[in-house]
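Please open the structure in your viewer and keep the sequence beside it.

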Amino acid sequence: MATKNKHAIRVGLFIFIGLIFFTVGVLAIGNINKTFTKTFLIKTVFDDVSGLQPGNNIWLSGVKIGTVKEINFNENTQVEVIMKIEKKSQQYIRKNAKAKISSEGLIGNKIIVISGGTPDSAPVENGDALPIEKTYSTEKMMNTLQENNINMLTITDNLKIMSEKMIEGQGTIGKLLNDETLYKNLEHTVATLTRAAENTQELTASVSNFTKKLNEKGGFANDLVTDTIIFNNIRQSVAQLKEVISTADEFANNLKDASVDINNNTNSPLGILLHDEKSAASLKLSIQNLESSTEKLDETMEALQHNFLLKGYFKKKDKNDDTE
Amino acid sequence: MEKLNKSDIIKEQVISIQGLYKSFGENSVLNGIDLTIHKGENVVILGRSGSGKSVLIKIIAGLLKPDKGIVNVLGMDIGSIDEKQLLKLRLKIGFSFQNSALYDSMSVRENLEFPLIRNSRHLTKKEIDHAVEEVLEDVHLHQTINQMPSELSGGQRKRIGIARTLILRPEIMLYDEPTAGLDPITCITINELINEVQERYHTSSIIITHDLTCAKATGDRVAMLLDGRFVAQGNFDEIFNTEEETVKQFYDYNFIN
Amino acid sequence: MSLKKREHITTKGLDDYFLGIYNAFKFVRLFFREVFKPPFEFKEIIRQCYEIGYKSLPLITLTGFVTGIVFTKQSRPSLVEFGAASWLPGLIAIAVVRALAPLVTALISAGKIGSNIGAELGSMRVSEQIDAMEVSAINPFKFLVVTRVTATTLMIPVLMMYFAFVGLLGSFLNVNQNEHTSFIAFFQSAFSPISFLDVFTGLFKSIMYGFTIGMVGCYKGYNASRGTEGVGKAANMSVVISMFLIFIEEIVIVQISNWIRIA
């Protein structure tokens, strides 16, 4: 009796454990197809993943080839995304392919889109890191533009003060030029200016890219932009921006020359540079140019603000400013 | 005891039990039972509630399996019998349950037909009706044929319960507390019915009870069960003439209450 | 003390629990042995089908109809937000066929039929009616358990389909009121997203649920402990356990059907 009971209990235990394993197994496996397809891992580092989550899809030329496995921060507070990709797609992803964050349709999930890559590049291997494709969101564009503007303003202010001081002959020139901090400032200014110019150039490129897209027939954007005036406005803005850059460039070069001169001729008579009326006038002109270019930049900004496509952005920004 | 041994020779043994043990978990109920029932004999098993009387007849009916010992019913060993033989044997055993155990969802007629239809499928409607009426006559309840069990009194239910077993013409009748929960007058009619059944159907019966009136009226022989063992066997007067304390106690309590 | 401990494989409570599982397993095994063995109790099965199926119709009608209306009402706002109110029939049909009809039917039946079977067999056990059958050489398992489990296994799918139909009718009523969709248009767009797999899975689920409800009710009733308390406990446990098992089965079957869907 007792042994028979024990046998029964053992069988009961066995059935119980079996059922638990079956149920847990069925639930844990999740997707049987996914479980049995071979995969490999690659990663990409983004500055911003816009709400991407583990499990989101990865597309290559519009075909789902895998999912996001993990999202981690790295030491630079950038986001490292580890992607699980089907082995059979491996040969089609080249080492120079680029990844970017996009979304599945109008209200869908975030996805990673892998594109580009040339056949002459080797296919990716397990653990490779893909470069990211820079995308310009309108927001980012606007932010850069504004930043540039502010930079330029500071520069012109600086220069104005400097040149005024020079012309008025306030302080000794030696003091001016031997003053290390001032010299450093000047150099710094030049550097900032160069950067600003580069930024602007990049920006114009993306704006012109944007307008080009607008121009494309049949495109979604093209349909939206029915008003040619606005379109022209944008084009004009781009042109103006370009002009600004060239002026800024020129000025930066001038300044660089000047600073180089100063640098090279620390021992030579300083009068050459600063008593030379010509160079003073040129400096003044440069500053004027710069001033006018910042004005133009302001105008451009305004023009962009009137562009209906971007109206929303500015409105939001104004609101934010107000609330602050 | 001498007298019994004589009758052993004359009469055929229907049930013979030797060294029967039965326990439920830690609780041992039957501790070495020896019992022989002869053909046409009414044996009363007396005992207090919980002394294992019902367990004994349930083992005889094959509802429970013995732990140890030999239980031979109509020449078949209950302990080692297979399913088919058990079914065959059960057709020859009638079991009257303490609470009658009528099928609540069926009328009296259906209750009576039920075992017959299921066990002999070749019967015609007429034959079945005839058998039903016959057993109803035997228990004197012809008028209740279309009633539901819930409409019957306790005594009527008992009778229908007995009728339901009689319809299969059993050779052995097992009564589990036939008079429990009934008033004294109904008890007497049930006692009479038990004796009538014995006469008409020539059954051998075991009657389980703690009611001495019933035991006296129906028992050819009485066995007293105490703590899972028979403490006394014999006819009614023999048993209660003894000086044994436990037996006397049982007798006294029964008639004082 | 150490000797006593060895009497149990785990603890006493757990041992009893596993013993219960073993007994339930034996019960199910016995069912499969008996169900294909003649003689078949066709008459009793049909009677049980009537008891279980037909007598549940009013309850199923009411719950199905209400579920259809309420679900449609509650789903409308989020679809209207996308301007997709025309998807409503399809959405409701998928929800009803895939999930609501099998699950709600099963839960209601567990409450009504499961408790009924548990109480009925429990009281038969307690009042020795099952023993009485046994001693009259009738196989009570075949007559009571096999017939009831067969009947629930057959009837719950039927009730499920009926529930789905009534639920869609309720949904149609609501859609017709709000979007003035015609009957034919409603059912055309309701059935277009439903695949054979959906119907098959729904049916399969219902068969499983029906089997579970019948089996649990019979097991609990058939093994009810003596006394009237045992009857109530059997009825109660039938409902609790069958509902629990239905939910477990639901997630497992949905998971498996999703594998098939994707494959």
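Which residue in the turn of the hairpin formed by strand 9 and strand 10 of chain B has a positive phi? It is Asp227(B), with a phi of about 50 degrees, and the hairpin has 2 residues between its strands. Helices (H or I, at least four residues) and strands (E, at least two) are DSSP runs, numbered from the N terminus.

Before continuing, please note the conventions. This is a predicted model, in which local features need pLDDT of at least 70 and side-chain atom pairs count only at pLDDT 80 or more, whereas totals for chains, interfaces and linings use all residues. Residues are numbered from 1 along each chain as its sequence is written, and chains are lettered from A and ligands numbered from 1 in the order in which they are written.

**Stop 1: the sheet of chain B**

Select chain B, which has 10 helices and 10 strands. In this chain, 6 strands form an open sheet with mixed pairing, in the order 6-7-8-3-9-10. Its edge strands, each pairing on one side only, are strand 6 and strand 10 (229-234). From one strand to the next, the twist averages 15 degrees. Two strands pair if DSSP finds at least two bridges between them.

Now select residues 221-226 of chain B, which are strand 9. Strand 9 of chain B is largely enclosed by the rest of the structure, because 5 of its 6 residues are buried. A residue is buried if 20 or more other C-beta atoms lie within 10 Å of its own, exposed if 12 or fewer, and partly exposed in between; the C-beta atoms are placed from the backbone.

Strand 9 of chain B pairs with strand 10 of chain B in the antiparallel sense over 5 bridges. To see one of these positions, select Met224(B), whose bridge partner in strand 10 is Ala232(B). Strand 9 of chain B also pairs with strand 3 of chain B, in the parallel sense and over 5 bridges. Here, select Ile45(B); its bridge partner in strand 9 is Ala223(B). In a regular strand the side chains alternate between the two faces of the sheet.

Next, select helix 7 of chain B, residues 184-201. Helix 7 lies across strand 3 (42-47), strand 7 (172-176) and strand 8 (204-209), and runs at about 165 degrees to strand 8. Such angles run from 0 to 180 degrees between N-to-C directions, and the axes are lines fitted to C-alpha atoms, for helices over the stretch in contact.

**Stop 2: Lys92(B)**

Select Lys92(B), in the loop between helix 3 (83-91) and strand 6 (93-96) of chain B. Is this residue buried or partly exposed? Lys92(B) counts as partly exposed, because it has 17 C-beta neighbours inside 10 Å. Leaving aside neighbours within four places in sequence, Lys92(B) is in contact with Leu74(B), Pro170(B), Glu171(B) and Ile172(B). Two residues are in contact if their C-beta atoms, placed from the backbone, lie within 7 Å.

**Stop 3: chain C**

Select chain C, which has 10 helices and 0 strands. Of its 263 residues, 43% are buried. Among its contacts between residues at least 6 apart in sequence, 87% join residues at least 24 apart.

Then select Pro38(C) and Pro39(C), which are joined by a cis peptide bond with an omega of about 0 degrees. Pro39(C) is in the loop between helix 2 (12-35) and helix 3 (42-52) of chain C.

**Stop 4: chain A and its contact with chain C**

Display chains A and C together: the contact takes 16 residues from each of chain A and chain C. On the side of chain A that touches chain C, the largest share, 13 residues, comes from helix 1 of chain A.

Finally, select two serines of chain A. Ser50(A) lies in the loop between strand 1 (39-46) and strand 2 (57-60). Ser50(A) has a positive phi of about 50 degrees although it is not a glycine, and it is exposed, with 12 other C-beta atoms within 10 Å. Ser61(A) lies in the loop between strand 2 and strand 3 (63-73) of chain A. Ser61(A) likewise has a positive phi of about 50 degrees without being a glycine, and it counts as exposed because it has 9 C-beta neighbours inside 10 Å.
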